[in-house]
Amino acid sequence: MNNMMFGKYLPIDSFIHRLDPRLKIGSLLLLLIAVFFDAGFIGYAVLGIFVIIMTLLSHIKVSQVLKAVKPMLFMMAFLMIFNLLFIQQGHLLFSLGFIKIYDQAVLQTVYIFIRLILIIIMTTILTATTKPLDLTLGIEHLLSPFKKIGFPTHEVAMMISIALRFIPTLLEETQRIMKAQASRGVEFSEGSLKEKILSIVSLIIPLFISAFQRAEDLANAMESRNYNPEAKRTRYKQLVWTVSDTIAFLCVIAICSAMVIMSIVL
Amino acid sequence: MEKIIDVQHLSFGYDEETLTIDNISFSIQKGTYTTILGHNGSGKSTIAKLLMGLLEKKSGDIIIGGIPLTEETLNQVRSQIGIVFQNPDNQFIGATVRDDIAFGLENNCVDPSLMDDIIEEYAKKVNMYEFLDHEPTKLSGGQKQRVAIAGILAMSPSIIILDEATSMLDPKGKKEINALVHQLNKDKNMTIVSITHDIEEAALSDYVILLSDGHIVDEGKPEDVLMKKEEIESLALDIPFALKVTQGLQQMGVSIADQIDREKLVKELCQLRLKK
Amino acid sequence: MSITFKEVEHIYAPDTPFAYHALKGVNLDIKKGSMTALIGHTGSGKSTLIQHINALLLPTSGEVKIEDILITATNKPSSLKPLRKKAGLVFQFPEYQLFEETILKDIIFGPKNFGVSEEEAIKIAKDVIQLVGLDESYLERSPFDLSGGQKRRIAIAGILAMNPEVLILDEPTAGLDPQGAKEMLQLFKKVNEEGKTVILVSHDMNQVLEYCDDVVVMNHGQVERHVPVEELFKETEYLTSLSIDLPIITSFILELNKNGFHIDPSIKDMDVLIQEIGGQLHE
């Protein structure tokens, strides 16, 4: 669990770290859309170079990027094999029994590979350079227009930030309960299906009970400190939009437009 | 003396049949250090939640700083009281010490540009200034409780309730919190209500309320209440160490008065030895 | 059952930036049938140490020997299951490990995992529930309807039901009121008197003095002392350096002695102390 890089914040300082979370979240959304425009290899090369520059600017090491990709490899391999076998367009390149591979399938698979890699790296850059709390704050701000139609933006943001705050606590708790049950002879990695189910039950029930207890305590603590989700509150962390943010935003717009234009022209 | 907490004929039950708090009345004077003493299940933590308006009373009145606690005055009442709960982990709301202290300020609609100064001031007061940007998982239980106190102080209440706030801490954390709370009581004239089953802590307070099965069994100065050996024993509490010594000595025929303070007892015993 | 640690090192997350050296060259020999306290402040390595005794953690290097079972870095986890039965480990706040719908089911969960038949396990459950101070009528109730202190007794009963030869307890009285704590410690003393080795992790020096024979002090991942309890409390300077408080009775005696009394500081019994003070006043 400690080796998971995907979604983990890297506490260093860089140009990308200092950018406004609203910009980073918005840019990621735009870039994710841009990735799905078929701009050919030239388009992906442009986007690829942009992503490499962003990676360099955020001071994330290549090894860390690879670590983020690693847990996704299985899913990627599955998707790619699926594509390779089921797309039956263009010329037949290769056939062995019922396996038939077409040139279009190879092309599509390469595209999918590039898209997935780009998506993972871009998301990793966002989460590695933005504190979870700033992410929440950014999401809250970006969602604020929806407040008018009754969307509980503040509550959602509060829920996310509390969930983030308690993830390490609950992981620790999980380990503790697993060890306590292991001391009572439970083997989490071995045994028949029935034994496995029982061992999971012996973990899940205590975990839920303790999580509910924590939730109740937390609600009391929050209320005692005058928290009222419906009342007006001020925010300690203020987001400040700087010139760098504007420049970065223009760059992202330029890249995205280029992708769209290329997909139409090429 | 001014009554800052006034409770009259308060009753409460978690279900219809049983009363966890059964028609109790007490008052607490401004600037005092009061302990509410009782064994687990005596209803002492329930009282804390009732005072904060976290539970809805069945009947009776709670008046805090002259304001009767009702649905409408909830915020006014809560602004006067801060509470530190038992489990240090479950009351740490922010992602860092800084954010946690800010939480209460945000709720009170404090201007964000003033927050940094307030946060730093109170973090210094509880000796957590160097830890402002630390995450809760990197802090000890005692440090987390100190952050909780800083968060409360930042909201400038006049009463602090400690709901078994030190019972999950190691001796070092316990000592730090006790020292901090006593200092707040002395220097800032903060009213302290400590809910505990630690009789040695009660011995050091100004006023003791003894609770059992939702009733007040006895109340008064510790040197009066805690002297009653049979009463304390019947409530499944420990007798103060000094009292055990004086009562044992009395049985041996030594003429010594009952005592709950160990330091005073040492002095008395030495005088007795010299007189002999 | 004898417990031996030989040059045990433990490093968490080795070869990463988060690596943490929790045990450094630990040598320890805990006598069979003793009641030993394990003290030291948070982060001193106590909890890492006790998890080696039932092989929840394996040493990074060195070896742990529990009677005839040798634990080293290369052991396969499955070969260590019999050890979990021999060494019963009760974690802090064990009430959080209860999960079955009845108390009976929860108590027999452990024994059944170690191959005890259901009938046999039920018989054991009826014994241990009384041992922890509750009666048989509780067996059919849900553990979640009980008070915190009662839940803890049930959790401990669940470990005792495995009939371990060593009982290891991590802060078993945390959060209990004085009466509850006293009953709990008396229970462990009884288990110890029945011939079982008991290891008690505690912050409360009054408990250590009153109930334990030996004491192990851990500091910065090392065992710094392993002595009879009375010996340790003579070393006031050492204890102060670790900011460990003396038991109330010991510090009281030292205060009196500073003021002209001559009382043996190793007295642990209240009645003996009172006799002694009375005697010196009467002389």
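Figure 1. Helices (H or I, at least four residues) and strands (E, at least two) are DSSP runs, numbered from the N terminus. Twelve of the 13 residues of H5(B) are buried, a residue being buried if 20 or more other C-beta atoms lie within 10 Å of its own, exposed if 12 or fewer, and partly exposed in between, with C-beta atoms placed from the backbone. The buried residues are Gly142(B), Gln143(B), Lys144(B), Gln145(B), Arg146(B), Val147(B), Ala148(B), Ile149(B), Ala150(B), Gly151(B), Ile152(B) and Leu153(B). Helix H5 (residues 141–153) of chain B should span 18 Å at 1.5 Å a residue, and the 19 Å between its end C-alpha atoms agrees with this; the expected span is 1.5 Å times one less than the number of residues.

Residues are numbered from 1 along each chain as its sequence is written, while chains are lettered from A and ligands numbered from 1 in the order in which they are written. Because the model is predicted, local features need pLDDT of at least 70 and side-chain atom pairs count only at pLDDT 80 or more, whereas totals for chains, interfaces and linings use all residues.

**Figure 2. Strand S6 of chain B and its pairing with S7(B)**. From S6(B), Ile81(B) and Ile83(B) point one way, and Gly82(B) and Val84(B) point the other way. All of these residues are buried. S6(B) and S7(B) run parallel and are joined by four bridges; two strands pair if DSSP finds at least two bridges between them. Within this pairing, Ile159(B) of S7(B) stands opposite Ile81(B).

Figure 3. The C-alpha trace spans about 70 × 45 × 35 Å along the principal axes of chain B. Of the 276 residues in chain B, 48% are buried. Among contacts in chain B between residues at least 6 apart in sequence, 62% join residues at least 24 apart; two residues are in contact if their C-beta atoms, placed from the backbone, lie within 7 Å.

**Figure 4. The side of chain B that touches chain A**. Here 29 residues of chain B are in contact with 24 residues of chain A. Helix H2 (74–80), H3 and H4 of chain B are the elements that give two or more residues to this side. H3(B) supplies the largest share, seven residues. By class, the side of chain B that touches chain A divides into 13 nonpolar, ten polar and six charged residues. Ala, Val, Leu, Ile, Met, Phe, Trp, Tyr, Cys and Pro count as nonpolar, Asp, Glu, Lys and Arg as charged, and the others, Gly among them, as polar.

**Figure 5. The side of chain A that touches chain C**. In this view, 18 residues of chain A are in contact with 21 residues of chain C. Helix H8 (153–182) and helix H9 (193–224) of chain A each supply at least two residues of this side, and H8(A) gives the most, with six residues. The side of chain A that touches chain C has seven nonpolar, six polar and five charged residues. The domain assignment of chain A, with bounds from an automatic or database source, gives domain 1 (15–130 + 241–265) and domain 2 (153–224). The C-alpha centres of domain 1 and domain 2 of chain A lie 35 Å apart.

**Figure 6. Strand S8 of chain C between its pairing partners S3(C) and S7(C)**. All five residues of strand S8 (residues 197–201) of chain C are buried. Thr197(C), Ile199(C) and Val201(C) lie on one side of S8(C), and Val198(C) and Leu200(C) on the other, with both faces covered. Strand S3 (residues 35–39) of chain C pairs with S8(C) in the parallel sense over four bridges, and Met35(C) stands opposite Val198(C). Strand S7 (residues 166–170) of chain C also runs parallel to S8(C), joined by five bridges; here Thr197(C) is the bridge partner of Val166(C).
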